[in-house]
Amino acid sequence: MGDVRTSVSAPVAEFVKRRREPAVAQTLRSTAAATIAYVVALQLSDETAPLTAPLTALLVVQVTLYSTLTTGIRRVNSVVAGVLVAIAFSALVGLSWWSLGLIILASLVVGRIVRAGEFVPEVAISAMLVLGVTRVTTTAWDRVLETLIGAAVGLLFNFLFVPPVWVGTAGESIEDLSRRMRRLLLRIGEGLTGSIPVERAAARLHEARRLDHDISEVDAALRQAEDSLRLNPRVREGLLHRVVLRTGLDTLEICTVVLRVLARTLTDLAKERTEEALFPPEVGNALEDLLARVAGAVVSFAVLVTTEVSESAEMAEVRLSEDLAAATRSRERVARLLLEGVQQHPRQWQLHGALLAEIDRMLDELNMENRSRRLMEELDRASREQRERHPRLAAARQWVRRRSRRGGHG
């Protein structure tokens with residue numbers, strides 16, 4: 001009986017988990033919005049099959065409210081502009097090879113003028129479709145109506161059913177990246193007391209280079225989360241959340257670059273010491289311990305960045321502080337051992353110094369004081385850019401604050 005419950009509950013749990021993914025949410029929301037747009041268009045349009053309405057709704061509804069608003073406006077611009085171009089041409093010429101070329105050229109130029117953005121080709125597509133249909137004037141205005149219906153349904157759908165906030169998904173991606181970095185640091189620290197084949201050291205280097213691809217995937221998830229925070233009534237401090245996640249990913253990206261350089265330093269050292277141990281036993285063990293502590297600090301940093309509850313954030317901050325303190329103590333021991341070794345055997349001393357400098361750089365990036373300073377700088381910069389972009393909105397907010405202060409004093 002237990003096996004049956006397990007076999008049933010596993011697919012259910014997987015379905016519930018996948019419902020939270022952006023791709024699944026996008027599919028369900030787009031399907032619902034397109035269906036509603038088609039039903040509404042059947043009531044308001046003269047067309048027997050007003051497919052332009054569900055098509056527009058399908059294209060307008062995005063995962064986030066911010067992207068829905070920005071995309072919807074540009075898409076309506078592009079379709080309406082294309083229809084108007086077709087109406088103008090239909091009054092002058094019919095459909096032929098040269099008129100088709102002219103309408104494509106004119107539509108692409110008009111698309112740039114109305115700032116349709118990535119939807120410029122859709123201006124030409126809309127114009128060609130309308131120009132090729134008989135009773136072009138009636139069909140054209142029906143197409144405009146259907147487009148407006150689809151766009152309106154898509155926008156209202158996201159206003160009434162507010163899209164979810166994808167901070168959790170982005171946070172999971174950041175934590176997964178930190179764990180991959182941790183595993184790589186632990187593998188780099190293995191076998192430092194023996195002779196490491198160049199091929200194995202090079203494999204670690206290639207693995208470190210592949211982290212660049214992981215960074216781009218996390219960056220895409222983070223952009224999705226940033227859009228989901230903009231204009232979302234569920235979030236009060238959207239700017240703070242965006243800056244915390246973005247600066248956190250920036251720090252991890254710098255650490256991946258340093259990690260790649262560190263792997264290259266050890267690969268160069270392995271090439272120079274093919275017949276002997278990479279480091280003496282005491283130094284190798286100390287380096288392995290140091291890399292393990294740095295790996296723990298990387299994960300603790302990612303947990304701190306992605307933690308939203310204040311109590312959990314305090315615990316994460318304490319954990320990161322302890323990991324960094326332990327890594328710093330281990331770093332001092334490694335520095336002393338490396339210095340003693342170089343004084344006795346100065347071969348490849350520059351690689352030893354580079355190795356220590358790279359570890360110092362990672363610890364410096366993870367340092368909480370530097371993190372707090374960078375966070376405040378980014379918050380100030382983002383607030384300043386927002387004020388410059390929307391001066392009237394900033395002035396209105398400042399006026400409301402002054403009024404509230406006077407009311408409080410009164």
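Okay, two housekeeping points. Since this is a predicted model, local features need pLDDT of at least 70 and side-chain atom pairs count only at pLDDT 80 or more, while totals for chains, interfaces and linings use all residues. Residues are numbered from 1 along each chain as its sequence is written, and side-chain values use heavy atoms, with hydrogens and water left out.

Let's start with the overall picture. The protein has 15 helices and zero strands. Both are DSSP runs numbered from the N terminus, with helices being H or I of at least four residues and strands being E of at least two. Of the 410 residues, 42% count as buried. Buried means under 20% relative accessible area, exposed means over 50%, and partly exposed is in between, with a 1.4 Å probe and protein chains only.

Now contacts, meaning heavy atoms within 4.5 Å. Among contacts with a separation of 6 or more, 79% are between residues 24 or more positions apart.

On to the salt bridges. How many does the structure hold? There are 13, where a salt bridge is a side-chain nitrogen of Lys or Arg within 4 Å of a carboxyl oxygen of Asp or Glu.

Take R260 and D212, whose closest N and O atoms are 3.0 Å apart. R260 sits in helix 10 (residues 238-272) and D212 in helix 9 (residues 198-229), so this pair ties together parts that are 48 residues apart in sequence. Both ends are partly exposed: R260 has a relative accessible area of 21%, and D212 has 37%.

D360 and R331 make another one, with the closest N and O atoms 2.7 Å apart. Here D360 is in helix 13 (residues 349-366) and R331 is in helix 12, so the pair ties together parts that are 29 residues apart in sequence. D360 is partly exposed at 28%, whereas R331 counts as buried at 16% relative accessibility.

Then there's a bridge inside one helix. R319 pairs with D323, and their closest N and O atoms are 3.5 Å apart. The two are four residues apart in helix 12 (residues 310-344), separated by about one helical turn. R319 is exposed, with a relative accessible area of 51%, but D323 is buried at 16%. And if you like networks, E175, D176 and R179 are linked in one made of salt bridges.

Next, the inside. On a 1 Å grid over the protein atoms alone, a cavity is a set of points where a 1.4 Å probe fits but cannot get out, and lining residues have an atom within 4 Å of a point. Grid points are joined across faces, edges and corners, and a volume is the space filled by probe spheres set on the points. By this rule we get one cavity of 30 Å³ or more. About 110 Å³ of space lies in the largest cavity. It has 13 lining residues, and the closest to its centre are I188, I196, A201, R204 and L266. Helix 8 (167-188), helix 9 and helix 10 are the elements giving two or more residues to that lining. Which helix gives the most? Helix 10, with four residues.

L156, F159, L160 and F161 make a nonpolar surface patch of about 460 Å². Patches use residues with over 30% relative accessible area and no salt bridge: like charges are joined within 9 Å, nonpolar side chains (Val, Leu, Ile, Met, Phe, Trp, Tyr) within 5 Å. F159 is in helix 7 (residues 136-160) and counts as partly exposed at 47% relative accessibility.

Two last residues. Not counting residues up to four places away in sequence, E365 touches T251, I254, C255 and R374. A313, in helix 12, is also buried, at 18%. With that sequence neighbourhood of up to four places left out again, A313 touches L304 and T307. A313 and V303 are ten residues apart in sequence and 8.3 Å apart in space, C-alpha to C-alpha.

Technical notes. Areas by Shrake-Rupley, 256 points an atom, 1.4 Å probe, with all protein chains shown as cover. 1 Å grid on protein atoms, 1.4 Å probe; cavity = no way out; pocket = protein on both sides within 12 Å on 5 of 7 lines; lining within 4 Å.
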